Amino acid sequence: MSQIPTPQSVAIAGGGLAGLAAACALADSGFRVTLFERRPYLGGRASSYEHPGTGEVVDNCQHVLFRICTNLVEFYRRIGVEDKIRWYDDMTFIEPGGRSSVMHASPLPAPLHTAPSFLRFPFLTVKDKLAISCAIASLTLATQRDTGRSFLQWCHDHGQTETAIERFWKPILVSALSEHLDLISIPYAAQVVRESMKSPAARHMGVPSIPLTDLYNTAGDYIRARSGEIHLRTSLETFLPNSSQVQIRITDKDKKDREEFVDYLILALPFNSVDRVLPETPDAAPLREDLTHFESCPITGIHLWFDRQITDLDHAVLLDRTIQWMFHKSRLLTTRAAATDSEPSGSYIELVVSASKSLIDKSRSEIVDLALKEVREFFPAAREATLLKSTVIKEVHATYSPGPGIDAHRPPQSSTWPRVFLAGDWTATGWPATMEGAVRSGYLAAESLLHAAGMKDRKFLAPDLPASGFMRLSQP
Ligand SMILES: Cc1cc2nc3c(=O)[nH]c(=O)nc-3n(C[C@H](O)[C@H](O)[C@H](O)COP(=O)(O)OP(=O)(O)OC[C@H]3O[C@@H](n4cnc5c(N)ncnc54)[C@H](O)[C@@H]3O)c2cc1C
C-alpha cells in the first residue's frame, strides 16, 4: 500500500455511512483523519439507540441490503462485521387473509431463475404476469433515459394492469426507492429491475443480526486504530478554503466554538444539512442552486412487542395495505433471539412503510391501531396475541425523492473548491439513496481526494456484481 510521507490532515463532517467509508479508506491510506458527527452516535440515518419509552434498543428503521451492494459488502469486510449479516434467498409475499407465496431461485439462467416461482404466484393473473414479463424484458434489454415522465406513466404506456402495478411494481419499487410510482423516474426504476435480475445472487437479501449502531461503531474503532479521531456531538458550522488549506469552524460537545486548519475537508452530510455550512461566497451558489431541487421522502417504522409468536417467518412483503414489510426482529437479532430462548413466547416485530406521506400527520396511537388491524389480517395468530408495548419512528427526511430530472442536480464528489469534497447518498453515485449509495459516495470522495493529493493510482470502489446467464448480454 502506498503511504504519503508526512500524514496530511482530513476533516470529515458527518458520521453516517458516507463519512465512515471515506474515513476508513483514507485512514488506511495514511491520512490523519478527524471525523465530526453532530449526534451522540455513529451511523447517521442507519442507527439504533435505546428508546426512552420502551427501554428497548431499536433501529431507527430496519435496513436491508442485497448482494448487488458490493461496496457496502466490501465495507463490512473491511471493518470486520461481514459475519453480522444474514443472507436470505427466499422472499415471501402475503395477502390479507394470510395466503403466502414464496419467490426463490431455480437452476434456470438469469433472468429466468425466478420465473418458475413467479409464474406460480396465485395473487397475479396470467394477464398480469404476461404484462410484467414484457415490462421486465423492456427495462432490462434497453437503456432507459430520463424522459421527464414517471414510472407510473411508463407502466400505463406499457400495458401494465392495475393488479400488476398494485401487487408487483408497488411492493418492489416503493420499498427500494422510498417513493410513490408517480414520482419515480424511469431510469431509477429500470436500475432496480436490471440490478435485481442480473444473477441469482443479486436478489439475496442481507439483514443485520445486531443493532445498526453496534454494526457501525466498529467503523469508529477501525478509524481510531489507524490514529484517526472521532468527535461526537460536534458540528461543522462552516468552512473557508484557500489554495493550501481549509479553515473549519466547529462547535464541540461543550457548545464551544473553535477553528482549525486542515489540508482537506469532506462534507458527508445529508442534502438538507449542506446549505447551512456552505461559505457565503459566490462560488457556493451553483451547489446551493442544485440543493434546491432535492425533496425528502419519509419512511415510518412501527415496532410492536407481542406476548406470543405471531408468525414463524423472519420477514415478509405484505400486499394491498399500508404496511409493506414485516421484519421479525426477535428472530433476526442475535441478542433478541437469545432473550427469546428464555422467554420463548414473546415476539418483537417491526413493520415498515416506505414513502409514508399518509402517516406523517397521524398520531402514534392512530398508526399503532392501523398497524395492529393490518397485522391481524396478515397473521391470524396475532388476533389472539396481546400487544405489550409499541413505538413508532417517523423518519421524515429518510431519503431524497428519485423523481424525473433529479440526476442532473446530483453533484460529483469533487467540488468547486480543490480541497473540499462532497459525499452522501444524494451525490452522483449512479445509485439511489441507500447504504450502498452512501458508501460508494464515501469511496468516490476518498478517491478524488487522493487524486488531488497526487496519489492517482489508489482506488477504493469495488467492482459491480457480475451479470450471469442471459443477463451478460443485456448490460447497457
Ligand atoms: C427509515 C430509513 C430506512 C432506510 N432503509 C434503508 C434500507 O433498507 N436499505 C438501504 O440501503 N438504505 C436505507 N435507508 C437509506 C440509508 O439509511 C441512507 O441512504 C444512508 O444511511 C445515508 O448515509 P449518509 O452517510 O449519506 O447520510 P447520513 O446517514 O444522513 O449521515 C450524515 C451525518 O451527518 C451528520 N451531520 C449533519 N450535519 C452535521 C454537521 N453540521 N456537522 C457534523 N455532522 C453533521 C448527521 O447527524 C448524520 O449522522 C433508509 C433510511 C431511513 C431513514
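**Entry 1: the shell around the ligand.** I sorted the shell residues by class and found 15 nonpolar, twelve polar and six charged ones. I keep in mind that this is a predicted model. In total, 33 residues surround the ligand, and E37, R45, H63, D425 and M435 are the closest.

**Entry 2: where the shell comes from.** I looked up which helices and strands take part. Helices α1 (17–28) and α14 (435–452) each supply at least two shell residues, and so do strands β11 (235–241) and β19 (387–400). I then turned to the domains. The ligand lies between domain 1 (9–46 + 212–294 + 405–452) and domain 3 (296–400), because both give residues to the shell around it.

Entry 3: Which atoms of V64 lie 2.9 Å from a nitrogen atom of the ligand, backbone or side chain? I found that it is a backbone N or O atom of V64. For H63, I noted an N or O atom of the side chain 2.8 Å from an oxygen atom of the ligand. D425 also uses its side chain: a polar atom there lies 2.7 Å from a ligand oxygen. Next I checked the cover: the ligand taken alone exposes 1,000 Å², and the protein buries 94% of that.

**Entry 4: a stop at S117.** I moved on to helix α3 (residues 115–119), where S117 lies. Is S117 buried or exposed? Its relative accessibility is 3%, so S117 counts as buried, the cut-off being under 20%. Leaving aside neighbours within four places in sequence, I listed V102, M103 and H104 as its contacts. With H104 there is a polar pair too: a polar side-chain atom of S117 lies 3.2 Å from the backbone oxygen of H104.

Terms used. Residues numbered from 1 in each chain as written. Predicted model: local features only at pLDDT ≥ 70, side-chain atom pairs only at ≥ 80, totals over all residues. Heavy atoms only, no water. Near = heavy atom within 4 Å. Polar contact = N/O pair within 3.5 Å; in protein donor to acceptor, adjacent residues only side chain to side chain. Areas by Shrake-Rupley, 256 points an atom, 1.4 Å probe, with all protein chains shown as cover. Helix = DSSP H or I, 4+ residues; strand = E, 2+ residues; numbered from the N terminus. Nonpolar A, V, L, I, M, F, W, Y, C, P; charged D, E, K, R; others polar. Domains from an automatic or database assignment. Buried < 20%, exposed > 50% of the residue type's maximum accessible area, 1.4 Å probe, protein only. Contact = heavy atoms within 4.5 Å.
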